[in-house]
Structures are given as structure tokens and as C-alpha cells.
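Biologist: I would like to learn how to read a model like this one. Please take me through it feature by feature.

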Amino acid sequence: MLSKKVKIGFIGTGIIGLPMAKNLSENHYDISAYSRNAKYHTNIKKNGIKVVRNLKDFFCKIDILILAVSDTKDVKGILTGRNGLVKNAIKPSIVIDMSTICPIETIKLSKLLKKNNISMIDAPVSGGEIGAINGSLSIMIGGEEKIVKKVMPILKILGDKITYIGSSGSGQVAKACNQIIVAQTLNAVSEAFVIADKFNVDKANIRSALLGGFANSKVLDTHAKRILDNNFKPGFKTKLHAKDLRIVKNLANKKNLKLPGTNLVNKNMKKCNQDGHSEKDSSSYYYIVKKQNK
């Protein structure tokens with residue numbers, strides 16, 4: 001059983017990462033964070049998290065490193081870059097990567113870290129800002145099972161649907177599958193709303209009716225409500241969903257897979273990102289489908 005005295009370090013204290021760190025701190029874990037950008041330090045401290053300003057010192061002070069950063073290159077830089085984790089003489093023995101990155105690179109990183117006596121698990125999440133705040137994230141896990149069991153008390157504070165998928169990289173594969181389904185469901189909701197608009201039918205009533213049948217989904221519940229309310233405060237930013245779909249596209253290319261639905265939503269999410277919606281919630285995807293049907 002993991003002791004509450006274990007020291008946990010966070011890199012990536014944004015929309016998802018900061019509430020996760022706060023939840024662990026409120027459950028009496030020793031939490032610190034590293035952020036290169038000093039403008040975020042005040043907000044991190046406001047949430048009861050210590051800030052360590054020097055990366056080398058940060059690595060020396062923690063037993064477990066949790067990452068919640070944007071992209072594959074960010075994870076690689078932190079772990080194996082010029083000032084990366086593996087270069088530090090004193091370092092944590094476990095890395096929990098809760099970012100969404102390429103599973104192929106995850107497998108490579110896991111093997112490299114293992115040579116440096118560091119265990120890495122990939123544990124990407126779904127549930128957005130609301131899930132992070134409420135500790136109700138869905139967490140998809142890949143890695144060595146005994147390490148997963150060791151850190152399970154931490155994960156149970158962060159999520160209420162925790163699934164061990166399998167070996168290293170498989171958590172990231174599960175997240176890729178998640179992003180395909182979310183994006184294609186968002187496309188379906190957007191197309192349904194465009195039809196409703198053409199017939200001047202109340203979209204709120206359409207949503208209400210569909211929530212009671214087989215079309216029901218979290219996307220219809222949450223994202224469709226955002227569209228109806230014209231409220232695109234980001235729970236998960238368009239630019240990040242666009243990035244995730246690029247990862248899926250690259251995987252499909254490497255594995256010689258034909259995924260026409262994924263290609264469509266990848267193309268539209270990219271347009272949404274480029275049309276000035278990158279910092280909005282990814283439900284703003286609706287605007288692209290609407291624009292295509294003027």
C-alpha cells in the first residue's frame with residue numbers, strides 16, 4: 001500500500017492537471033508542481049500546491065512524477081530531453097503519464113526509463129475539466145500491472161472509472177479509440193442539429209427526445225447542451241482534440257488502416273482549430289458543420 005507520505009510532483013497544471021493536483025493535495029498527499037511559466041505560479045499556489053522553480057531540484061524532491069502535458073514532444077522533452085528526468089542523478093522511481101500522446105512513443109519511452117530504473121505507466125484520461133474537478137475521470141491504463149496496483153490509491157482519487165487495459169502503450173491506444181468515438185459522435189450531433197435548423201425545429205427538444213433513446217451519450221448530453229447555450233468555455237480545447245486526432249491519423253498511416261470517419265472528423269477539427277476556435281471547447285466543431293451547410 002502506498003503511503004500518504006509519498007511525494008508527488010506534477011508537470012502540467014492546466015485545465016485538467018491543476019484540479020487533479022488539488023484533489024490529491026486535499027486528500028493529504030504531499031504535492032508539488034513545476035511550471036516554466038512564472039505567470040501560472042500564483043494560481044497553482046492558490047490551490048494549495050507548492051511550486052518548485054528549478055527542474056533539477058523538483059526531480060530530486062519527488063517519489064512519483066505525474067505528467068498532464070499537451071503533446072508527445074513535451075513528454076519526451078521532460079523525460080529524455082537535455083535537462084530531462086533520466087539525466088538527473090536523483091529521480092522519482094515512477095512516472096504516471098496522464099497526457100494523451102502517441103502509443104508507439106510511449107512504448108519506446110517506457111523501455112528507456114526501465115533501463116534507468118524508472119517504471120512508467122500511461123494513464124490518459126477522459127471526462128474533461130468537470131471530471132477532473134469532481135474526481136470522476138475515466139482513466140485508461142497501460143503498463144506493468146504491479147506498478148499500476150501500487151499507484152491505484154492515487155488513481156482512485158482522480159477517477160471513478162479506472163480500467164487496466166494491458167501492457168505499455170495500451171492506455172494510449174484506448175484514449176485514441178475514445179477520441180475517435182467522441183469526435184464522430186460530435187460530428188453526428190452537429191449534423192443532426194443542422195437538419196433541425198433546416199426545418200426550424202427546436203434543437204433543445206430534439207436533444208431532449210434523443211437523450212431518452214439509443215442516441216443517448218455523454219456527447220449528446222454535455223456537448224449538445226454547450227452548443228444550445230452557445231457556451232464554449234473549454235472543458236477540453238479544440239486545439240487538443242485536433243492534436244489527438246492527428247495522433248490517430250499518424251497511427252492509421254503507420255498501420256496502413258483506412259478510417260474514413262476518422263479522416264472526416266480530423267479534417268473538420270483541423271478547420272475548427274484554424275477558424276479561430278482553438279481555445280474554445282471542442283464542441284465548437286458544430287460551427288464547421290453549420291458553415292458547410294449555409
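Biologist: Is S190 buried or exposed?

Modeller: Some ground rules come before that. This is a predicted model, in which local features need pLDDT of at least 70, side-chain atom pairs count only at pLDDT 80 or more, and totals for chains, interfaces and linings use all residues. Residues are numbered from 1 along each chain as its sequence is written, and side-chain values use heavy atoms, with hydrogens and water left out. Buried means under 20% relative accessible area, exposed over 50%, and partly exposed in between, with a 1.4 Å probe and protein chains only. S190 has a relative accessible area of 0%, so S190 is buried.

Biologist: Where does S190 sit, and which residues does S190 touch?

Modeller: Helices are DSSP runs of H or I with at least four residues, strands are runs of E with at least two, and both are numbered from the N terminus. S190 belongs to helix 8, residues 170-198. A contact means heavy atoms within 4.5 Å. Leaving aside residues up to four places away in sequence, S190 touches Y285, Y286 and V289.

Biologist: Where is S284, and is S284 buried or exposed?

Modeller: S284 lies in the loop between helix 12 (260-277) and helix 13 (286-292). With a relative accessible area of 0%, S284 is buried. Its contacts, not counting residues up to four places away in sequence, are F232, T238, C272 and H277.

Biologist: How many disulfides are there?

Modeller: A disulfide is a covalent bond between the sulfur atoms of two cysteines. The working test is a pair of cysteine sulfur atoms within 2.5 Å. This structure holds zero disulfides. C102, for one, is in no disulfide, and the nearest cysteine sulfur, that of C177, is 13 Å away.

Biologist: Which residues other than glycine have a positive phi?

Modeller: H28 is one of them, with phi near 70°. H28 is in the loop between helix 1 (17-26) and strand 2 (30-34), and its relative accessible area of 64% makes H28 exposed. N230 is another case, with a positive phi of about 50°. N230 is in the loop between helix 10 (218-229) and helix 11 (238-254), and at 52% relative accessibility N230 counts as exposed.

Biologist: What can be said of the chain as a whole?

Modeller: The chain has 13 helices and nine strands. The radius of gyration is taken over C-alpha atoms, and the globule rule is 2.2 Å times the number of residues to the power 0.38. For 294 residues a compact globule would come near 19 Å, and the chain has 20 Å, which agrees. Of those residues, 50% count as buried. Among contacts between residues at least 6 apart in sequence, 66% join residues at least 24 apart.

Biologist: How many positive and negative side chains does the chain have?

Modeller: Lys and Arg count as positive and Asp and Glu as negative, while His and the chain ends are not counted. Each charge is placed at NZ of Lys, CZ of Arg, CG of Asp or CD of Glu. The chain has 49 positive and 22 negative side chains, and the centres of the two sets lie 5 Å apart.
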